[in-house]
Amino acid sequence: MIASDRINKILYGGDYNPEQWPEEVWQEDMRLFHLAHIDVVTLNVFSWASLQTDDDVWDFSRLDRIMELAHDNGLKVCLATSTGAHPAWMAKKYPEILRTDEHGIRRKFGSRHNSCPNSPIYRKFSARLAGKLARRYGHYDNLVAWHVSNEYGGFCYCENCERAFRVWLQQKYGTLEALNRAWNTAFWSHTFYDWDEIVVPDQRSEEFYFEGRLLRSNFQGISLDYRRFMSESIQECYRLEYDAIKKETPDIPVTTNLMGTYKVLDYQKWAKDMDFISWDNYPRYDAKDWEPAFQHDVMRGLKQGMPFALMEQTPSVSNWHPYCALKRPGMMRLISYQAAAHGADTIMFFQMRQSIGACEKLHGALIGHRGNEHTRVFREMAKLGEELETLGSQTLGGRIHARVALVFDWDNWWAAELSAGPTILIDYVKEVKTWYRRFWEKNIPVDIISVQDPLDAYQVVLAPMLYLCKDGFAEKASAWAKAGGCFVTSYFSGYTEEHERIVTGGYPGRLKELLGIWVEECDAPTPQSHVTFRYDGTSYPAEILCDLLWTEGAVPLAEYENEFYAGMPVITKNTYGRGCAYYIATHSSDAFYDTFLDRLCAEQGITGIAESPEHVEVTLRSKGAVQNYFALNHDSNSSWLRIPVSVRDLLTGECFSADAPIPIEGKDVRILQETN
Ligand code: GLA
Ligand code: ZN
């Protein structure tokens, strides 16, 4: 985790860009930071153009002064490498560092995240800058983390990338014969006889875009490999900087700020190169209360539950949302603690002082355009800062122990949504979230795991829409179920293997035996269809897809009520060794998942860690004998919760005995530590 020997409380602060301000303002910032109990600043996120003005011309003088300023004022520093946007001079001198978009158009200088990840020049310059920064500032005893680049992402389709793609393919497949087989190139006369015949899959070749969105790919195998390749190419850029830094400061942890379920980068692979996970939480104005919780759990799962850093969030508004709705009074505090409740050991923001030009000048900040402490946002932040000081180290390092796991897989996400058919409604993240929500409402901890993670710690593993089922997963899940685990999956699962080739012999391919079924056909309801099924005496809608399946050992638990497949099973249960496997052949309403998952949990002995109404969220982070319950009331009205042990509120000092109703005010938070 973030330099644990250098912190003794939840770090509180965030992105600070003094380079945008005259130095007189810096002293005022220090006064305001002190008032707001800010103790960490993320520096140097976008300063490349001032640090390096030509190939070998460097100027660190201003950053030297900023580092001294932070040090003298007792601030911890998360030091960024500035490589998230290259300088204009570099683009002019070396146009090859510019990206080429999906239409084949080479971009001009502008914006950010603008460098081709396979440009040798970009790679050389960015790693060199990271190394120089580490050499120059690595000795600071207030340096708590390195922050490489910023929110990596995007695609490039330039000649550099095309060449590198061919090399990547050669390494992956070895021979063209193997590649032709994997991509099924006998289709539409695509057989490749020379590696140089392979081109990037973009609008000029295999893919169609409409209004910036990918509509379809004609060759999923190629498009899928390109996504893997791009994610790995960008990861290599990160890794080059990581290595350059580690050479100088092996003990300072290195991270880069991730973005939750960001489709472009396979964060499960990235996590292996990160010392700790950090991420930026910007829920939309209409996000449900459980959605940030889901995102936090995805992020926590990347490093098997290790505490993570909330690197950014807005104190008030995100200017890039369609409607820049203010966080209502109390919301900033509530959502900050929600991060801690799910495993964060820092609460950080974008940004400390609001900029006065360009596209983020209307983004929220600790210090707004008025420039002083007399604002609602400042007051709320200062109050939380003070509270975190009182809380001290009491929650740091706590881990969440879950008996339920939800499988999440980036390759599967890409593949399922690249698929041409069976419906335009395929939405992997939405499906996974659908399953998550009910556990959240019931205060049942959930780990979000990869297909590579071990299953032994779990009683229930849910892997909805596992369209691309990687080698080894079905075997692992089967062995685990045989020993007593309960496996659940859904429609559109098991269709393909790693290379996106159909697993023949009936769907869901490699999962058939475990589930005791086979799916013969799959119907996509149109907007005019009203398919329903009956489960537990109630009728529920069957949406998105309806599998027509046959049992091969499994027991039907629900049947379609209409269509030509009325009477066919839609939910099945297969007893498998000492465990079992459920199959849900369609997508349905929240009411269905409530009923189904509640029954499943009752059967499997899974209970919530606390009792509360749905809008009161309770999590538990434990460290050794210390048990900290986080209770968050997402509703505006006062409410209650019950915990099976006696507790003391670390924020108010109040004590409550086991199972006593604990009142909680609207939008309030309690951190309740178990007492003996
Ligand atoms: C992202 C970036 C920041 C800033 C914020 C604004 O998270 O990392 O640099 O642009 O968004 O919300
Ligand atoms: Zn490129």
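This is a predicted model: local features need pLDDT of at least 70, side-chain atom pairs count only at pLDDT 80 or more; totals for chains, interfaces and linings use all residues.
**Exercise 1.** Which residues coordinate the zinc ion (ligand 2), and what arrangement do the donor atoms make?

*Solution.* 
- Find the donors. They are the SG atoms of C116, C156, C158 and C161, at 2.2 to 2.3 Å.
- Check the spacing in sequence. The donor residues follow the pattern C-x39-C-x1-C-x2-C.
- Look at the angles. The 4 donor atoms subtend 99 to 119 degrees around the zinc ion.
- Apply the cut-off. Four donors count as tetrahedral if all angles lie between 85 and 135 degrees. The arrangement is therefore tetrahedral.
- Compare with the ideal. Four tetrahedral donors ideally give 109.5 degrees.

**Exercise 2.** Are C156, C161 and H342 buried or exposed?

*Solution.* 
- Recall the cut-off. Buried means under 20% relative accessible area.
- Take the cysteines. C156 has 0% relative accessibility, so C156 is buried. C161 also has a relative accessible area of 0%, so C161 is buried.
- Take the histidine. H342 has a relative accessible area of 4%, so H342 is buried too.
- List some contacts. Beyond its neighbours within four places in sequence, H342 touches residues including H296, D297, R300 and E617.

**Exercise 3.** Which side chains have an N or O atom at 2.4 Å, 2.6 Å and 2.7 Å from an oxygen atom of ligand 1?

*Solution.* 
- Start with the surroundings. The residues around ligand 1 include F46, R112, E312, W320 and H363.
- E312 lies at 2.4 Å, W320 at 2.6 Å and H363 at 2.7 Å.
- Taken alone, ligand 1 exposes 310 Å², and the protein buries 98% of that.

Technical notes: Residues are numbered from 1 along each chain as its sequence is written. Chains are lettered from A and ligands numbered from 1 in the order in which they are written. Side-chain values use heavy atoms; hydrogens and water are left out. Donors are N, O and S atoms within 2.8 Å of the metal (3.2 Å for Na, K and Ca); water is not among the atoms, so sites may look incomplete. Four donors count as tetrahedral if all angles lie between 85 and 135 degrees; four count as square planar and six as octahedral if opposite donors are over 155 degrees apart and all others between 65 and 115; anything else is irregular. Buried means under 20% relative accessible area, exposed over 50%, partly exposed in between (1.4 Å probe, protein chains only). Contact means heavy atoms within 4.5 Å. A residue is near a molecule or strand if one of its heavy atoms lies within 4 Å of it. A polar contact is a pair of N or O atoms within 3.5 Å; within protein, one must be able to donate a hydrogen and the other to accept it, and residues adjacent in sequence count only if both atoms are side-chain atoms. Accessible areas come from the Shrake-Rupley method with a 1.4 Å probe; for residues, only the protein chains shown count as cover.
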